[in-house]
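Look at the model shown here.

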Amino acid sequence: MTPRDERLDDLLRAVLPAGLPEGPLDPDLDLLNAGLTSMAIMELLVRIEDTYGQPMPDHLLRPGTFATPATVWEAVLTSGAAPG
């Protein structure tokens, strides 16, 4: 898998409650347990689309996509939004 773009960690930190440890996020961090809400998912989606310049396809808009930083990154790659 392509290494996760550090911009994604910044986007996740922007929508999650404060208090996450410094440095790269654990790829397996449970985002729901970290405080990701449905409203935060919508904000994250907009930020991802703005940052990477491509919309996230509807078929990727499911709960499992936003489970961990790794699953979010996989969706970004699958959507073709991330630089390859």
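**Helix contacts and the core**

Q: Which residues of H1 meet which residues of H2?
A: Arg-7, Leu-8, Leu-11, Leu-12, Ala-14 and Val-15 in H1 meet Ala-40, Glu-43, Leu-44, Arg-47, Ile-48, Thr-51 and Tyr-52 in H2; contact means heavy atoms within 4.5 Å. Helices are DSSP runs (H or I, at least four residues), numbered from the N terminus. The model is predicted: local features need pLDDT of at least 70, side-chain atom pairs count only at pLDDT 80 or more, and totals for chains, interfaces and linings use all residues. Residues are numbered from 1 along each chain as its sequence is written, and side-chain values use heavy atoms, leaving out hydrogens and water.

Q: Why is H1 called roughly antiparallel to H2?
A: The axes, lines fitted to C-alpha atoms over the stretch in contact, cross at roughly 150 degrees. Angles between N-to-C directions run from 0 to 180 degrees, and those over 145 count as roughly antiparallel, so H1 is roughly antiparallel to H2.

Q: What makes Ala-75 buried?
A: Ala-75, found in helix H3, has a relative accessible area of 4%. Buried means under 20% (1.4 Å probe, protein chains only), so Ala-75 is buried. Not counting residues up to four places away in sequence, Ala-75 touches Met-56, Leu-60 and Thr-65.

Q: How many residues are in the largest nonpolar core?
A: This core has 22 residues. A nonpolar core is a set of buried Ala, Val, Leu, Ile, Met, Phe, Trp, Tyr and Cys residues joined through side-chain atoms within 4.5 Å. H2 gives the most to this core, with six residues.

How values were computed:
Buried < 20%, exposed > 50% of the residue type's maximum accessible area, 1.4 Å probe, protein only. Helix = DSSP H or I, 4+ residues; strand = E, 2+ residues; numbered from the N terminus. Parallel < 35°, antiparallel > 145°, perpendicular 65-115°, else oblique.
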